[in-house]
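Hi everyone, thanks for coming. Let me put the sequence and the structure up, and then we can walk through the ligand site and a sheet together.

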Amino acid sequence: MLRYFTAGETHGKCLTAIIEGMPAGIRIDIERINLALARRQKGYGRGGRMKIETDRAEILSGVRGGYTLGSPIALKIENRDFANWESIMGSETATSEKSVECPRPGHADLPGGMKYNHKDLRNVLERASARETAARVAVGAIAAQVLEGFGVTFSSRVVRIGSVEDASKILDADFYQRVAQSEVGFGDASSEEKAIAYINMIKEAGETCGGVVETVVSGLPIGLGSYAQYDRKLDARLAGAVMSIQAIKGVEIGIGFEAAILPGSQVHDEISYQDGKFTHLTNHAGGIEGGITNGEPVVVRAAMKPIPTLYTPLRTVSIADKSEQKASVERSDVCAVPACSVVVEAVVAFEIANAFLEKFSGDCAEDITASYRQYAERLSQY
Ligand code: EPS
């Protein structure tokens, strides 16, 4: 079983992650991790923090000469901003400067403070912050490299930002090239212009905005996950992982909520047999039936809520004297939806790699490849 933990506060010294259960002999290219980290930093509507940081991962253990050892992988991403917060966030000496007593509606501030008995809500927000997603992106970029040799690819995009939807209809390789160049993660230029104008308008109003992102995983074998037990269903695992990302309020697989409205004949994907292979005539199921991959691309969508730090703050109550106040204003982003698409891709990559290694288990790359080939051979006879 593949698993990981992250540690680190947004203005602490660094973020760290430990990945456990990686087989030996997997090629890890650190630049692939750094590329993913750079993608996460981009996007129109981000705040001042991303100008301070140049996120890069340093692998501390578990990889030698570019190949995994089969031992735990530890990695670190430095917080450059720590230099400005050392006196406030130091582990030995910390001042109460920049303490927070007015919880922001929508953030973890109030329930987190009450739960852990923190009287300075900075102790909550420092860990609840979406800065932690940098560590998850690095972990996902490692997991994606496990799958690379087996032809599994990931494509992500932004479907909508607030009320503006990407009008693109054909999602081919050219589309994803445009998405990679787009400041808002769209493929259609005029929709991009509208989204930028929308973000400007939202910023002007002291507001924030959310959106919908999508990750598509292609090249997966049939049979990852299982219908046999609730916690082995791949769609459930994907939904749980995506839902755990800061600010995510909804997850869909395939057509998701639309399936509740349509009759069965317009929802279920008819089966055909072509060139010696089973296939489906549509992919409304989003590549998963009964908790198992069915050979079609896995399609995961996530709804991100607007970031809770508003420059025109909402009403709240001081935890110190219970007086009516305006919520505290922390430096933040107006729109982080493009970054969110990179984070969703990362957590999906991790869950898929986990299910893949469960199906084709082995202690080293050679065992996994042998198991994969044997299975492919058996399926070809089915
Ligand atoms: C983030 C870093 C944070 C925020 C943002 C995401 O940095 P700072 O608090 O120093 O500005 O910009 O987090 C939030 C908006 C949030 O509410 O948690 C990052 O690295 O992505």
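**The ligand and a sheet**

Let's start with R49: an N or O atom in the side chain of R49 sits 2.8 Å from a ligand oxygen, which counts as a polar contact (a pair of N or O atoms within 3.5 Å). The protein covers 93% of the 480 Å² of accessible area that the ligand has on its own, by the Shrake-Rupley method with a 1.4 Å probe.

A word on the source: this is a predicted model, where local features need pLDDT of at least 70 and side-chain atom pairs pLDDT 80 or more, while totals for chains, interfaces and linings use all residues. Residues are numbered from 1 along each chain, and side-chain values use heavy atoms, without hydrogens or water.

R40 reaches a ligand oxygen too, at 2.7 Å from a side-chain N or O atom, and for S129 that distance is 3.4 Å. Around the ligand are 14 residues, with H11, R40, R46, R49 and R331 coming nearest; here "around" means a heavy atom within 4 Å.

Now, the sheet. Which order do its five strands take? They run β9-β8-β10-β16-β11, open and antiparallel; strands are DSSP runs of E, at least two residues, numbered from the N terminus, and helices are runs of H or I, at least four. Pairing takes at least two DSSP bridges, and β8 (153-161) and β10 (211-218) share eight.

Note on methods
A polar contact is a pair of N or O atoms within 3.5 Å; within protein, one must be able to donate a hydrogen and the other to accept it, and residues adjacent in sequence count only if both atoms are side-chain atoms.
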